[in-house]
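Have a go at each before reading its solution.

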Amino acid sequence: ATDIHLGYLEKDPVRGNDTFVTFNEILEQAQKNEVDFVLLGGDLFHDNKPSRKTIHSCLESLRKYCMGDRPIHFEILSDQAVNFQYSKFPWVNYQDGNLNISIPIFSIHGNHDDPTGADALCALDILSCAGLVNHFGRSASVEKIDISPILLRKGGTKIALYGLGAIPDERLYRMFVNKQVTMLRPKEDEDSWFNLFVIHQNRSKHGATNYIPEQFLDDFINLVVWGHEHECKIAPVPNEQQNFYVSQPGSAVVTSLSPGEAVKKHIGLLHVKGKKMKMHKIALETVRTFYMEDVVLADHPDLFNPDNPKVTQAIQAFCMEKVEMMLDNAERERLGNPRQPEKPLIRLRVDYTGGFEPFSIFRFSQKYVDKVANPKDIIHFFRRREQKAKNGSNINFGDLVSRPVSDGMTLRVEDLVKQYFQTAEKKVQLSLLTERGMGEAVQEFVDKEEKDAIEELVKFQLEKTQRFLKERHIDAVEEKIDEEVRKFRECRRKNAEEEDEEVREAMTRARAHRSEDAVLVSASSDEELMDTGAKASGDSDDDLPATVTRGRGRGRGRARGARGQNSTVRGSSRRGRGNTSQESATSSRTYKSVPAKNKSIMDGRPVCIQNLFLVWGLFACFTFVTFFPFRGNKH
């Protein structure tokens with residue numbers, strides 16, 4: 001499963017528990033089907049800093065369904081100190097002598113729950129430290145990525161599990177192009193492994209480099225589990241050029257009222273035997289039903305005439321009829337499954353192009369408060385942009401270029417920053433900073449709450465420019481200084497790696513500054529407490545060897561260190577609890593690197609636009625770039 005988004009709309013009185021209920025159903029299905037392990041493709045949490053309620057509910061579910069005495073039937077052959085190198089406990093949780101794990105969970109992080117802050121921690125690290133989730137696929141380097149697989153073996157089937165947590169698409173795209181992404185393969189019997197890769201990036205094309213083409217991935221992979229995209233396409237689809245299959249499970253709950261979310265939600269039960277696989281689709285029964293329909297008023301000239309004074313009432317009655325039909329369909333579906341929530345999600349998109357006027361959405365929604373889960377946004381009015389006709393004699397057909405539909409609808413913070421300064425007047429254009437660096441800083445400010453990101457970037461660039469001018473021994477002539485600054489800026493714009501390094505340095509400073517503030521706040525808080533005296537409060541497993549089956553529980557006639565487990569399994573742990581021949585064999589396992597290839601890019605299908613509320617962060621950047629100090633009193 002991917003994109004569970006625990007905590008989405010948790011404060012909503014109707015939809016607040018939807019994500020937790022569905023997560024319980026997923027784990028319940030895992031327990032019911034006696035799976036070997038659960039694989040999650042990122043965005044387990046909706047927020048980067050989930051609330052206490054969200055974390056508590058998650059821990060409750062994991063403890064209820066993933067802990068127990070059921071034995072684990074597979075072993076890990078790879079070096080776990082490499083697979084889980086960023087964990088304080090670098091070994092798989094079911095081999096921990098202090099835990100009874102019946103269903104291990106392996107998960108990468110997504111863009112919603114990625115590592116941030118001074119210590120670069122994410123919510124999955126909390127679950128990993130608690131021993132409930134195995135967090136893998138994390139890469140801290142922005143210069144080179146080596147993806148080392150988790151090597152699993154059950155009977156005669158061997159799986160090489162690769163994972164790569166969410167990375168900004170533009171950066172990862174550039175790293176693939178520059179051949180800085182390497183997937184390691186075991187030298188021993190490399191063709192006998194089933195290679196499974198889980199990734200969390202844009203699959204559909206949102207821009208020139210704002211996605212990851214499937215052709216960038218290695219052709220030795222057998223199956224790619226693709227996270228981040230919310231439309232459920234869980235049935236494996238072959239990529240004819242790379243000869244691998246791609247499965248896109250989609251989100252487990254509806255997080256946006258878009259056409260892709262209206263597709264029935266599923267999770268997958270993957271059977272692997274040797275190099276063969278079979279994906280069994282399991283429909284999620286606790287997901288709130290979602291019906292969506294589009295209406296184009298101009299397509300009904302017999303019903304609606306914009307010159308009719310009562311046309312608005314006719315449109316409203318027509319929309320009510322459409323909503324009632326969707327409600328009837330939702331009720332019929334729910335009667336067949338009592339586990340589904342009672343109130344459905346309904347969305348009616350009305351195109352009122354052609355001289356029509358929208359009616360009051362507020363009054364319309366009041367009629368369905370007790371019938372739908374989203375009464376406030378049940379109706380969405382939009383109007384197609386009408387293009388002005390031009391004189392045919394002035395058209396230069398050589399300048400006409402085919403343009404995807406989504407190009408004009410895809411807006412990101414970086415694009416808005418760049419667009420603003422390219423179209424702004426000369427007196428407010430950037431003369432020291434670059435549009436790309438400022439866009440990255442604004443993105444950090446908005447997404448990661450790095451409140452000092454923009455300020456630190458400005459300070460860092462100012463200091464760097466001042467050092468450059470001092471080293472050049474520039475005369476104190478205004479025109480000469482301006483010219484050198486422009487040259488220095490253009491040089492940085494052409495060097496993408498240097499720009500990335502500048503942004504990383506500024507972000508590091510911002511995080512360090514925040515950490516210092518946190519220490520001061522903590523110290524002052526402790527001082528107040530001291531002063532006031534306050535008190536702080538599938539396939540047959542018959543051929544499996546018995547040596548890979550592990551017992552459970554304390555005090556069962558076995559030593560605590562052994563836990564009723566054969567040394568074959570225990571040997572793969574990296575904690576030094578006894579070296580066996582099996583450990584010697586696995587720890588000395590060698591790899592050979594296979595660099596990712598730069599091949600032709602197949603354009604993906606465009607998807608919907610991103611949220612525009614991030615624009616407000618742009619105005620914060622204007623304050624800094626317009627008034628930052630440079631020299632004298634002129635600026």
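The model is predicted, so local features need pLDDT of at least 70 and side-chain atom pairs count only at pLDDT 80 or more, while totals for chains, interfaces and linings use all residues. Residues are numbered from 1 along each chain as its sequence is written, and side-chain values use heavy atoms, with hydrogens and water left out.

**Exercise 1.** Work out how α10 and α11 pack.

Solution. Start with the ranges: α10 covers residues 453–472 and α11 residues 478–494, both being DSSP runs (H or I, at least four residues) numbered from the N terminus. Next, the geometry: their axes sit 11 Å apart at an angle of about 120 degrees. That makes the pair oblique, the class left after under 35 (roughly parallel), over 145 (roughly antiparallel) and 65 to 115 degrees (roughly perpendicular). Finally, look for who touches whom, with contact meaning heavy atoms within 4.5 Å: α10 brings residues including Phe468 and Arg472, and α11 brings Ile481 and Phe488, among others.

**Exercise 2.** Find the residues that touch the most other members of the largest nonpolar core.

Solution. A core here joins buried Ala, Val, Leu, Ile, Met, Phe, Trp, Tyr and Cys residues through side-chain atoms within 4.5 Å, buried being under 20% relative accessible area (1.4 Å probe, protein chains only). The largest has 30 residues, and Leu44 and Leu62 are the ones you want. Now trace the suppliers: α1 gives the most, five residues. Last, check Leu62: beyond its neighbours within four places in sequence, its contacts include Phe23, Leu27 and Ile105.

Terms used:
Axes fitted to C-alpha atoms, helices over the stretch in contact; angles between N-to-C directions. Helix = DSSP H or I, 4+ residues; strand = E, 2+ residues; numbered from the N terminus. Buried < 20%, exposed > 50% of the residue type's maximum accessible area, 1.4 Å probe, protein only.
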